[in-house]
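Please follow this protein model step by step, keeping the sequence and the 3D view side by side.

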Amino acid sequence: MSIKSFTRTVLLCASPLALLVPSALFAQQSGAQQLIPRELIFGNPSRSGAQVSPDGKHVSWLAPVDGVMNVWVAPIATPTQGKAVTADKSRGISQYFWAPDGSHVLFLQDAGGNENFHVFAVPAMGGTARDLTPVAGTVRAEVLGVSELRPDVVLVGLNDRNPQFFDPYEINYRTGEKKLVMENPGYGGLVADNMHKIRFGMKQVPGGGSVVDRLEADGSWKTAFRIENEDAFTTNPIGFDRDGKTLFMVDSRGRDKAALVRMDPETLKTDIIAESDRADIQGILPDPRTHAPIAYSVNYLKNEWTALTPEAKADLDFLRGKLPGEFAITSITDDGRLATVSSFAAEAPGTSWLYDRQAKTLAKLFDVRPDLSKYALQPMTPVEIPSGDGKTLVSYLTLPAGADTNGDGKADRPAPLVLNVHGGPWARDNYGYNGAHQWLADRGYAVLSVNYRGSTGFGKGFVNSAIGEWSGAMHQDLIDAVDWAIKSGVTTPDKVAIMGGSYGGYATLVGVTFTPDRFACGVDIVGPSNLKTLMESFPAYWRPILEGTFYKHIGDPNKPEDVKRMMAQSPISRVDAIKVPLLIGQGANDPRVVKAESDQIVDAMRAKKLPVTYVNYPDEGHGFQRPANRLSFFAITEGFLSQCLGGKVEPIGDDFTGSSLEVLEGAQHVPGLAGALPKAAAGTTPTTE
């Protein structure tokens, strides 16, 4: 709910965090030596996340140091002469950004996936990293803004005083000096301008929806406007222009699809800048000097950018003419001259470029996964699948080699299908390079990702049609998509697996309990099994947003009538129905879907003598960030899928080395798993319990 400063922030329609998908196992099959090695897809990229410093003097990126992702910096004139400026030796850095004056790099890190992030600063030329938020315990830090108008400090929210609410602090990243801006009086979200002055607070109200209050000159709060529950996922502030006289928002009030609007923060007069009747406006490119939007994107089947100024049109036209596939501008210098650009396509994992906007020149910085260029990756086809009640489900299909001989995106022969369900559920699948799709297609599977109702980006009506429909219409959308795939010749009824993480893990559990005859097996990654206990386990800082989101869409655990429905929609209540193989992966430190969610369904299956394979990672949270853990889980899942769908399998090799893998149940149900465990490297040997 916190809002970042608009300064230098490029809000692009990014893919949701890719849900971890299967990997490999036992004896080598015929042709296995031709498979794309799992490590090339799911191991560390060679480099990623390019940014240019605000002053244009340096370029930065993420790259491994001894197998752990760290921040590297190079002079802009000699980008090949980079050096690592951070020294993480465990989890790896995934979130970083530049300080406003370009003197430091700031990054976020948690401990073992617990999401209690700290903010660190390190000099751009290297040195000792300083923890700017050295607060012990379960305190979480959130970056609220950086601005060239406040060049020595970063605006950070901390819930050290009250675990539910974040107080904004200005922290000097050179000295660590911390200054309280204000005590948060109870707002789930605060909106600051570029002087780090708090201007608005957002608070959910009983029954759903939010009230947005304005902080007046005398220090009092006055209600400015409301965001009703139906607009909760499609109306949000983005940030202010440079002088704080205009607030930019995406806004679905009075319409179905979210528009880009400007609001006068004093009069509250609102004007539409841009809108679309196909999808919500989600991506915004701000001018680095004025902070006003200069381009926006609408993502229906694919992401499409539209310019709002002649200069931005020239940029987009130039980049479209030079770069294949899709692209995104990922950072811009304060003077607007230099930018980093990422280009990518379904068959290409990505290339980063340095773009001179004045000279109109592109210089290649790096390929994200250059070793994949040796292999033939498969195209992804956007498809519109009709639901049974007349909705359109924007989906993405990847076929294995040989299944589409004429390249029209339609199957010439059926193949086993993996239905790969995204998490959220308030997120979406996108067109583009997808490691899970490429890996599964390479093993001989068709892969289908469906934007079921509740997915974001397609208007508030589509989101809100999911209210109360967990295991109901949301799951029926997935079944309708499977029926479409069978009817279209993509697959056959007996060769369909369901897999996903978070909500996708829940959908997997629903699939094998509510519709056990439709799937050959399921892979649940950090998925909830009991909606009541899920609601009761959320961290304290989620409490201010539960009323208008989770309780409204899923149910209130304090209301008996809601609990009755929630339990009826929970896979834990239908364990007896399971009759296909199930693999469950969990991170012990997960604050979103706690380990008890997996424990309880495994315990119930064990009590009923139903076979299940359950693996846990003691140093992970909501998903598996460490490469050694990813590779071990993919190795297990690849053998698991091969057993039920018959796809190709890469031998495990040393994919368990360095992993914290614990096999808590059912190693014997995955061929080769039990035998592979004792062969793992000493010192970090996976265990079987």
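**Two sheets to begin with**

In this predicted model, Pro-64 stands opposite Met-69, a residue of strand β3. That facing pair belongs to the pairing of strand β2, which covers residues 58-65, with strand β3, which covers residues 68-75, and the two run in the antiparallel sense over eight bridges. Strands of a sheet pair through backbone hydrogen bonds, and the pairing can be either parallel or antiparallel. If you now widen the view around β2 and β3, you find an open sheet of four strands, arranged in the order β1-β2-β3-β4, with antiparallel pairing. At the edges of this sheet stand β1 (48-52) and β4 (83-84), and each of them has a single partner strand, so one side of each is left without a neighbour in the sheet.

Two packed helices are described by the angle between their axes and the distance between the axes. For helix α5 (residues 473-487) and helix α6 (residues 503-514), the axes come within 11 Å and cross at roughly 75 degrees. An angle from 65 to 115 degrees counts as roughly perpendicular, and α5 and α6 are therefore described as roughly perpendicular to each other. On the side of α5 the contact is made by Met-474, His-475 and Leu-478, while α6 contributes Tyr-503, Ala-507, Val-510 and Gly-511.

How many disulfides does a search of the whole structure find? The search finds one, and this disulfide joins Cys-521 to Cys-644, with a distance of 2.0 Å from S to S. The pair links distant parts of the chain, since Cys-521 lies in strand β33 (residues 521-525) and Cys-644 lies in helix α11 (residues 627-645), 123 residues apart. Both Cys-521 and Cys-644 are buried.

**Contacts made from loops**

Glu-148 is found in the loop between β9 (141-145) and β10 (153-162). Is this residue, Glu-148, buried or exposed? Its relative accessibility is 17%, and because buried means under 20%, Glu-148 counts as buried. The side chain of Glu-148 makes a polar contact of 2.5 Å with the side chain of Arg-242, and a polar contact of 3.2 Å joins the side chains of Glu-148 and His-291.

Another loop residue, Gln-164, is located between β10 and β11 (165-172). Gln-164 is partly exposed, with a relative accessible area of 31%. Although Gln-164 and Pro-539 are 375 residues apart in sequence, they are 8.4 Å apart in space, taken from C-alpha to C-alpha. If its neighbours within four places in sequence are left aside, Gln-164 is in contact with Ala-540, Tyr-541, Arg-543 and Pro-544.

**Backbone angles worth a careful look**

Most residues other than glycine have a negative phi, and most peptide bonds are trans. With that background in mind, turn to Glu-115, which has a positive phi of about 65 degrees although it is not a glycine. Glu-115 is found in the loop between β6 (104-109) and β7 (118-123), and it is buried, with a relative accessible area of 9%.

A positive value is also found for Val-526, a residue other than glycine, where phi is near 45 degrees. Val-526 has its place in the loop between β33 and α7 (531-537), and at 2% relative accessibility Val-526 counts as buried.

Lastly, consider the peptide bond that joins Gly-424 and Pro-425, which is cis, with omega about 0 degrees. Pro-425 lies in the loop between β30 (417-421) and α3 (435-442).

Key
Residues numbered from 1 in each chain as written. Predicted model: local features only at pLDDT ≥ 70, side-chain atom pairs only at ≥ 80, totals over all residues. Heavy atoms only, no water. Disulfide = S-S within 2.5 Å. Buried < 20%, exposed > 50% of the residue type's maximum accessible area, 1.4 Å probe, protein only. Pairing = 2+ DSSP bridges. Polar contact = N/O pair within 3.5 Å; in protein donor to acceptor, adjacent residues only side chain to side chain. Axes fitted to C-alpha atoms, helices over the stretch in contact; angles between N-to-C directions. Parallel < 35°, antiparallel > 145°, perpendicular 65-115°, else oblique. Contact = heavy atoms within 4.5 Å.
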